[in-house]
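Colleague: I have a model open and would like to learn how to read it feature by feature. Can you take me through it?

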Amino acid sequence: MAETATPDPGPGQVLVEAEAISVGYAQTQMRRNAFPAPMWRPSFPMVLGGDVVGRIVALGPDVDGWRVGDRVGAFTLYGAYAEYVAVDEDTLVPVPEGLSPEEAAILPGTGLIAAGVLDTARVVPGESVVVHAAAGGIGHIAVQLARRSGARVVGVVGSSARTDFVRSLGADAVVESGAPDWVDRVRSAAGGAGPDVVLDGVGGPRLLEGVDLLAPLGRLVFYGSSDGDLDIPEVSVMRLIAMKHVTGFALSVWRAARPKAYRRALEDLTRGLADESIVSRVQARFPFEEATKAHALVESRTCNGRAVLIP
């Protein structure tokens, strides 16, 4: 822990006093300087980024549409692990007063990524969707949203200890990825010919396994490399002529390219949290001074849902 100057919001920024900060696997990679993203160019020492929920306490120049006192969420690559964080206004999302800060911490990033990958995959009722890392921060929201879309959902987890949790979210089947026959079990659970959609936040060799799993005309959406490997395997011509589609996802690109879909997803998530039809599972809450313990829990890959820091 260290005392630093409170940031001054620049043009188009607001200063947020944090109520809760969500700890995801990406932040553990950032801490190790192993975050697999081309835009990641940290200068250490630094303040880690992530999802933050709080209240606006100051406005920078040229801010339009927000006021001091507004309750908001934001995702930022830098600066979230602090009592005060300056964020760009175009990354802000409104947070209703009725939601706890821990629940609402999925709104700016985690939940919208889950919604965005499903929108990118163009899931329709009756299709089958495989969600890798289904018990994780993004995965446990993706399972629920896929189920709400009318899809048959197959969750893939790293250990049998997470099976019951994923089933409780509405998954039709749950498969442990460590089992020798896990690929065959996923294909069978998805309907024999393979799933229509695979949501992959793991990357590395799992990506090619996912492509092979797809049924003809199936779609794989890649949105992260929790295994730390950004060397995307080559997708061979034989896989392409099997009419399988592979694409990537980034929240900032989706928000800019499909603003209406982004707003609809945000409204749906907010309503779902309010009426409890979407569960934002928080397994552990840590005081700010115990960020190390929060990271250890997430890195153990035994956290069902999310861990949250409370300043």
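**Reading the model, feature by feature**

Modeller: Let us begin with a loop residue. Glu276 sits in the loop between α10 (259-274) and β12. The model is predicted, so confidence comes up before we go further.

Colleague: What is the mean pLDDT of the protein, and which elements have the lowest and the highest?

Modeller: The mean is 90, and 95% of the residues reach 70 or more. Among the elements, helix α8 (residues 237-240) has the lowest mean pLDDT, 63. Strand β6 (residues 128-131) has the highest, 97.

Colleague: Back to Glu276. What is its phi, and is Glu276 buried or exposed?

Modeller: The general idea is this: most residues other than glycine have a negative phi, and most peptide bonds are trans. Now the case. Glu276 has a positive phi, near 65 degrees. Its relative accessibility is 64%, so Glu276 counts as exposed.

Colleague: Where does Ala133 lie, and what is its phi?

Modeller: Ala133 lies in the loop between β6 and α4 (139-148). Its phi is positive, about 50 degrees, although Ala133 is not a glycine. At 38% relative accessibility, Ala133 counts as partly exposed.

Colleague: And the peptide bonds. Which residues does a cis bond join?

Modeller: Phe44 and Pro45, with omega at about 0 degrees. Pro45 belongs to the loop between α1 and β2.

Colleague: Next, a helix. Which residues of α11 are buried?

Modeller: In α11 (residues 291-299), they are Ala291, Ala294, His295, Leu297 and Val298. Look down the axis of α11: these buried residues fall within an arc of 160 degrees, so they line one face of the helix.

Colleague: What do the buried residues of α11 pack against?

Modeller: Two kinds of element. The helix is α1 (25-31). The strands are β1 (13-23), β2 (48-59), β12 (282-287) and β13 (306-310).

Colleague: Which residue just after α11 takes a positive phi?

Modeller: Arg301, at about 60 degrees. Follow its side chain too. Arg301 lies over the face of Tyr25, at 4.2 Å from the ring centre.

Colleague: Now rings. How is a pair of aromatic rings described?

Modeller: By the distance of the centres and the angle of the planes. In this model the count comes to 2 aromatic pairs. Take Phe249 and Trp254: their ring centres are 5.9 Å apart and their planes lie at 55 degrees, so the pair is tilted. The rings of Trp254 and Tyr262 have centres 5.8 Å apart and planes at 70 degrees, so this pair is edge-to-face. Planes over 60 degrees apart count as edge-to-face.

Colleague: Which residues form the aromatic cluster?

Modeller: Phe249, Trp254 and Tyr262 form one cluster. Check burial next. Phe249 counts as buried, at 12% relative accessibility. Trp254 counts as buried at 4%. Tyr262 is buried as well.

Colleague: What is Asp119 in contact with, beyond its neighbours within four places in sequence?

Modeller: Asp119 contacts Trp254, Arg258 and Ala261. Asp119 belongs to helix α3 (residues 110-121). Its relative accessible area is 18%, and Asp119 is buried. The cut-off for buried is under 20%.

Colleague: Then strands. How many bridges join β1 to β4, and in which sense do they run?

Modeller: 5 bridges join them, and they run antiparallel. One of the partners: Val14 is bridged to Val87 in β4. Strand β4 (residues 84-88) also has two faces. Val85 and Val87 make up the covered face. Tyr84, Ala86 and Asp88 make up the uncovered one.

Colleague: Which strands pair with β3?

Modeller: One is β2, which pairs with strand β3 (residues 71-78) in the antiparallel sense over 7 bridges. Here Val52 stands opposite Ala74. Another is strand β5 (residues 93-94), joined to β3 by 2 bridges and also antiparallel. In that pairing, the partner of Val72 is Pro94.

Note on methods: Residues numbered from 1 in each chain as written. Predicted model: local features only at pLDDT ≥ 70, side-chain atom pairs only at ≥ 80, totals over all residues. Heavy atoms only, no water. pLDDT = per-residue confidence, 0-100. Helix = DSSP H or I, 4+ residues; strand = E, 2+ residues; numbered from the N terminus. Buried < 20%, exposed > 50% of the residue type's maximum accessible area, 1.4 Å probe, protein only. Arc of directions from axis to C-beta. Contact = heavy atoms within 4.5 Å. Phe/Tyr/Trp six-rings, centres within 6.5 Å; stacked < 30°, edge-to-face > 60°. Lys NZ or Arg CZ within 6 Å of the ring centre and 35° of its normal. Pairing = 2+ DSSP bridges.
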